[in-house]
Each structure stands twice: as C-alpha cells, then as structure tokens.
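Subject: Structure handover

Hi,

Here is the structure for your review. My notes follow below it.

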Amino acid sequence: MIFQRAVRREFAHSTAGVFIALFAIMVTTQLIRLLNEAAQGDVDPGAVVALLGFASLNYLPPLLSLSLFVAILLSISRSYRDSEMVVWFSAGLSLTAWVRPVLTFALPLVLTIAALSLLLSPWALSQSAEYRGKLSNRKDAGQISPGTFQESSAGDRVVFVEAVAEDTSHVRNVFVSETAPERLGVTMARTGHQETAANGDRFIVLENGRRYELEPGVVGFRILEYARYAVRLETREADGIKQTPKSMPTLELLALNLPRYRAELLWRVGMPLSAAVLALLAIPLSFVNPRAGRSANMLLAILVYVIYNNLLSISQGWVANDQVSFAVGVLVVHLMMLFLLPFLFYHRIAVSSFMRLGR
C-alpha cells in the first residue's frame with residue numbers, strides 16, 4: 001500500500017507538470033494565432049479570450065493523453081536511473097507488476113478523456129463556430145465607420161459612408177458595390193439610414209439616389225433612379241451556422257451511418273482507447289540503462305507515439321473514404337498496438353534476466 005500511494009503520487013506530480021507545460025505551449029500558439037486574426041480584422045479583439053477558451057477545451061483530450069504517457073514514462077525511467085528497479089527485480093517482482101498501479105492511476109484520466117472527447121470537445125467546437133458566426137453577423141450588420149470601405153464577410157459587398165450623424169440616425173454620401181455572377185451593381189445616395197426588420201434582418205435604406213447595373217459581356221449599362229432603396233445586409237445568422245462532423249454531438253453522429261460521420265466518431269472513441277494503450281506501452285518503453293545514454297528510450301517512446309497517432313489518422317481517413325468499416329477502423333490499430341505490448345514486456349524481462357544471470 002505504501003508503494004501504491006508513492007507511485008500514484010509520483011505519477012500525479014509528473015502528469016501535472018507535463019500537462020501544465022504542454023497546455024502553456026498550446027495556449028501560447030493559439031493566442032498568437034487569434035491575435036493575428038484580430039489584427040487582420042477577422043476576429044473581434046473582445047472575442048479572443050472566449051475563442052481561446054473554446055480552443056483549449058477542444059485540445060484537452062490529446063494533451064491529457066500525451067501527459068499521461070510522458071508522466072508514466074518519466075516516473076519509471078527515474079526508477080531505472082536511481083537503481084530502484086534493481087531492488088524491484090531482486091525482490092522477485094516482475095516488470096508486469098507495474099501494470100496494476102499504472103491502470104489504477106490511468107483509469108480516472110481515461111474516463112476524463114472520454115468525457116472530453118465525446119461531449120465537451122464537440123460542444124466547444126460548435127460554440128466556437130456559433131460565436132464566430134455571431135461576430136461576423138455583428139460586423140456585417142452595419143457597424144459603419146465613416147470614411148472607410150467595409151467588406152462583407154462573404155466578400156460580395158463593399159460599403160462606404162462618408163459621414164455619420166452624431167445621433168447615428170442617418171448617414172451621408174453612401175456608396176454600395178455589389179458583385180453577383182450575373183451582374184455588377186453600384187448604388188449611390190446622398191442620405192440613408194439603417195432599419196431592422198421584425199425577423200432581425202438589418203437593412204441600409206438609401207434615399208434619393210442612383211443605381212448602375214452592368215452585365216458581363218453586354219455593352220452598356222442601366223441607370224435606375226429611386227426615392228427609396230433598401231439593401232439587405234446578408235448575415236450568417238440568416239443562413240444558419242453550418243454544422244460539421246467535428247462540431248456535431250456524439251448522439252447525432254451515432255444516428256448517421258455515413259462514412260465521414262463514422263470517421264469522426266472513430267476519432268472520438270479512439271482517443272480514450274489510445275490513452276489507455278499508451279499508458280501500458282509506457283511501462284516497457286521506460287527502460288533505461290544507467291550506464292548508457294538516457295535519451296534512447298525517450299526517442300523510441302516518441303517514435304511509438306507518433307506512429308500510433310498516424311495510424312489513427314490513417315484509419316480515420318480509410319473510414320471517411322469508405323475503404324474499411326467502422327468496426328475494423330476502431331479495432332485494427334488498437335489491437336495491433338496491444339499485440340505489440342507482450343513482445344515489449346518479454347524483451348525487457350528477458351534483458352533483465354540476462355543481466356542478472358551475467359552478474
């Protein structure tokens with residue numbers, strides 16, 4: 001029991017340290033990307049914190065999985081370097097005796113990763129998409145700045161306003177350029193104002209102006225004079241936020257038997273499974289010869305982790321392209337890595353036994 005508590009405490013400290021380091025790197029890179037988008041005008045500066053929170057929730061499952069793997073690897077490697085494993089083997093205990101404390105510690109984290117991967121990550125992605133849509137809608141909805149050309153999020157409309165009244169009730173000298181596949185329209189007016197319809201759509205209402213329409217390939221253009229002309233500001237809210245497989249709830253994915261939805265479900269299910277398998281793989285991969293270099297096992301462990309994740313991505317692509325079934329995609333990679341586990345244990349146990357006999 002003393003050993004179990006000591007091992008769990010060391011695993012917990014190592015996991016916390018590795019997770020904090022990885023989380024700080026992830027937050028920094030995401031913050032730089034969002035600040036760059038804010039500087040380019042693609043994201044409202046006030047939305048950076050919210051979008052950063054949604055991105056953090058999305059990246060938590062792989063970060064926790066990697067933290068668990070590295071923490072177990074570092075803890076058992078330290079036992080090898082400090083010659084504690086010599087005492088372990090001399091007491092008649094095998095390397096496989098580490099399986100129980102590792103699984104005991106890893107089980108709560110694996111369940112947490114499963115909850116994050118199946119529930120919170122899709123919710124965070126959907127909230128991020130909805131939040132971005134609302135921000136784009138707010139940008140399109142007529143936050144008019146005098147003296148600047150403002151392009152809609154769809155890129156098909158440019159609005160220029162020379163001046164805005166102090167009470168924002170009306171604008172002066174308005175220029176609107178609209179591009180469509182069948183025609184190009186340029187609308188000008190001396191005055192105008194904004195109106196909001198009952199369904200929430202916003203309009204720029206131009207008064208006493210002219211509109212010029214040109215059709216590609218046609219010589220000449222049409223001139224329309226009007227007393228009142230309303231231009232509806234298209235918003236993403238009107239079209240609705242388009243859901244992608246990544247942002248869909250897991251229960252909805254289960255109801256859709258299409259390859260791309262099954263591929264996303266495979267990734268969500270595979271995340272906690274890979275975390276459990278990686279925790280077990282870390283036991284034999286943590287072997288360190290105190291007389292040799294200390295980085296060889298880390299390089300091998302990183303290689304195994306990269307191969308494992310690449311195989312998961314490849315299997316997801318196969319399922320998305322309908323090349324293999326969902327069941328095969330889920331089982332083949334994880335079973336292959338599990339079948340590798342006994343060989344790694346045997347190799348380390350055999351090497352340890354040989355070293356003891358050589359002495």
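Is Asp-322 buried or exposed? Asp-322 is exposed, because its relative accessible area is 57% and the cut-off for exposed is over 50%. Please keep in mind that this is a predicted model.

Backbone first. Asp-322 sits in the loop between α8 (296–320) and α9 (326–358). Its phi is positive, about 60 degrees, although Asp-322 is not a glycine. Asn-208 is not a glycine either, and has a positive phi of about 55 degrees. Asn-208 belongs to strand β5 (residues 202–214). Its relative accessibility is 57%, so Asn-208 counts as exposed.

Next, salt bridges. The whole structure holds eight. One of them pairs Glu-10 with Arg-78, at 2.5 Å from N to O. Glu-10 is in helix α1 (residues 2–39) and Arg-78 in helix α2 (residues 48–81), so this pair ties together parts 68 residues apart in sequence.

Another joins Glu-37 to Arg-33, with 2.9 Å between the closest N and O atoms. Both lie in helix α1, four residues apart, about one turn of the helix. Glu-37 counts as buried at 17% relative accessibility. Arg-33 is partly exposed at 36%.

Arg-211 and Glu-178 also meet in a salt bridge, at 3.1 Å. This pair links strand β5 with strand β3 (residues 171–179), 33 residues apart. Arg-211 is buried at 4%, and Glu-178 is buried at 17%. Shared partners join Glu-178, Arg-211, Glu-213 and Arg-222 into one network of salt bridges.

Last, the surface. Leu-184, Leu-214, Phe-221 and Ile-223 form a nonpolar patch with about 340 Å² of accessible area together.

Best regards

How values were computed:
Residues numbered from 1 in each chain as written. Predicted model: local features only at pLDDT ≥ 70, side-chain atom pairs only at ≥ 80, totals over all residues. Heavy atoms only, no water. Helix = DSSP H or I, 4+ residues; strand = E, 2+ residues; numbered from the N terminus. Buried < 20%, exposed > 50% of the residue type's maximum accessible area, 1.4 Å probe, protein only. Patch = residues over 30% accessible without salt bridge, like charges linked within 9 Å, V, L, I, M, F, W, Y side chains within 5 Å. Areas by Shrake-Rupley, 256 points an atom, 1.4 Å probe, with all protein chains shown as cover. Salt bridge = Lys/Arg side-chain N within 4 Å of Asp/Glu carboxyl O.
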